[in-house]
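Take a look at the model below.

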Amino acid sequence: MVNNIGKLLWVDDEIELLTAHILFLQKKGYDVDTVSNGFDALDRCAEQTYDLILLDENMPGISGLETLQRIKEITPTTPVVMVTKSEEENIMDQAIGSQIADYLIKPVNPTQILLTLKKNIHRREIVTEQTQTAYQQDFGKMSMLIGDATRIDDWMEVYRRLVAWELQLSETDSAMKEMLSMQKSEANHDFARFIGKNYLRWVEDKEAQGRPLMSTDIFKQRVFPLLDQGEKVFLLVIDNFRFDQWRVIMGELADQFQIDESLYCSILPTATQYARNAIFSGLMPNIIAEMFPDLWVDEDSEEGKNLNEAPLIQTQFKRYRRQNTFTYNKVNDSAAAEKLVQQLPSQQKYDLNVCVLNFIDMLSHARTESRMVRELASNEAAYRSITLSWFRHSAVADLFRALAATDYHILLTTDHGSIRCQNPVRVKGDKNTNTNLRYKLGKNLDYNPKEVFDITDPHRAQLPSPNLSTRYIFATGDSFFAYPNNYNYYVSYYRDTFQHGGISMEEMLIPLIELTPRRR
């Protein structure tokens with residue numbers, strides 16, 4: 001006996017001519033009910049639930065399109081496949097506008113019908129099975145890629161592929177998600193070792209072999225060359241924006257822009273005060289503190305850490321003796337984004353427009369502090385989903401639509417990403433130690449050197465040193481720093497939150513996207 005794999009309703013005024021098709025479907029395991037008119041179809045739909053309905057468009061009594069509309073009132077979630085002899089475009093448009101699941105032109109063959117059933121009833125199971133099989137086959141290759149990664153380009157490729165699998169598996173019910181999570185943890189462990197071996201060499205020597213594009217290079221290597229070509233440039237910096245979050249909103253922009261995607265490497269600490277100021281000034285943090293002490297905000301200051309971004313941009317323009325004009329805007333809410341959209345025509349007289357969007361960073365902090373937001377963004381997939389929902393329904397989407405109608409060359413990037421923290425690492429510090437969970441600096445830090453990446457000479461890392469004995473330590477992988485005092489409460493509160501400041505692919509390997517309006 002064939003197992004029932006789906007219950008179908010087939011509505012056609014010539015149903016007796018479809019006996020061979022119905023027998024074919026029954027042999028495949030489908031339970032098929034048949035009726036010859038729209039009224040009977042509505043009665044059946046009111047009596048029971050179907051997995052899919054095949055509906056003839058041209059029937060006496062009430063038409064297929066009218067039947068479709070009334071079926072949707074009874075059972076709005078049941079997929080309906082329109083079957084018709086007509087190829088008239090207006091009928092297709094009406095059917096598609098009524099949210100049909102598929103459209104078949106008579107005479108249909110059994111293979112066509114089976115394909116639409118697989119697509120509309122069994123899609124999730126098939127996608128799960130195929131994706132799971134593909135990842136299982138690629139697992140060994142990924143492990144080799146991780147083991148053989150000796151250059152930053154190798155690690156960028158590892159991260160791209162891990163994110164691609166993460167996005168694919170998140171759309172399935174596959175048990176492979178746990179295996180991928182373990183592989184990602186393994187990759188982050190090895191990535192931290194790679195950074196430990198190479199980071200100081202990169203910041204000490206800009207010409208060092210294998211040095212990636214870093215925060216301090218963005219203006220000099222990506223913004224200024226475009227300005228030199230006479231381009232009008234719009235630089236959008238989304239604070240705390242990960243590569244996987246970029247990938248989920250990329251589809252929203254593909255129709256409007258030509259997209260050139262790349263990654264670059266954030267400096268340490270992967271935190272706004274350091275990484276974003278390095279972007280805008282083109283300088284490492286200790287140089288900012290020495291050259292422009294009025295623009296640098298110390299860790300223990302209650303002043304906002306990113307209040308001097310426009311002046312820092314100005315210092316970089318002066319240092320390179322550039323005469324370009326620029327504007328700077330910070331968008332913290334939809335009202336500010338709407339205002340920026342309205343001002344866009346008047347701002348096109350400037351060579352460069354810089355805009356900082358703060359939503360995702362605020363979401364990350366809200367998720368830590370609010371139980372409700374933590375429930376809404378309970379895992380990585382939900383975090384990405386909220387990012388996509390924000391983009392679709394905020395004025396930021398309007399901003400991109402407005403930019404698509406201009407001649408701007410758009411650079412979309414971020415200062416750092418974040419990682420979901422799971423593993424507490426004990427650390428002790430005095431009252432002057434900073435509060436960040438992914439990096440600490442101080443003169444009396446007590447920690448296990450095997451559990452962190454430590455910098456005992458901040459000058460080598462081009463980081464400010466408030467005291468002669470100041471050192472920095474960085475959390476790696478998915479760890480976070482916890483104090484022994486009130487340890488259990490601290491761990492339970494911060495475990496499973498998204499944090500930044502430390503060393504991981506999610507925090508350091510971040511998107512740098514060039515968008516060119518298609519209308520050009």
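Thr 413 is buried, because its relative accessibility is 0% (buried means under 20% relative accessible area, exposed over 50%, partly exposed in between, with a 1.4 Å probe and protein chains only). This is a predicted model: local features need pLDDT of at least 70, side-chain atom pairs count only at pLDDT 80 or more, and totals for chains, interfaces and linings use all residues. Residues are numbered from 1 along each chain as its sequence is written, and side-chain values use heavy atoms, with hydrogens and water left out.

Thr 413 sits in strand 10 (residues 409-413); strands (E, at least two residues) and helices (H or I, at least four) are DSSP runs numbered from the N terminus. A polar atom of the Thr 413 side chain lies 2.8 Å from the backbone oxygen of Pro 511.

Now the charges. The structure holds 31 salt bridges, each a side-chain nitrogen of Lys or Arg within 4 Å of a carboxyl oxygen of Asp or Glu. One of them joins Lys 119 and Asp 102 at 3.1 Å, N to O. Lys 119 is in helix 5 (residues 110-120) and Asp 102 in strand 5 (residues 102-105), 17 residues apart. Lys 119 is partly exposed at 38%; Asp 102 is buried at 16%.

Arg 222 pairs with Glu 514, with the closest N and O atoms 3.9 Å apart. Arg 222 lies in helix 9 (residues 218-228) and Glu 514 in strand 18 (residues 509-517), so this bridge ties together parts 292 residues apart in sequence.

A network of salt bridges links Glu 166, Lys 184, Arg 242, Asp 244, Glu 380, Arg 384 and Glu 506.

Key: Polar contact = N/O pair within 3.5 Å; in protein donor to acceptor, adjacent residues only side chain to side chain.
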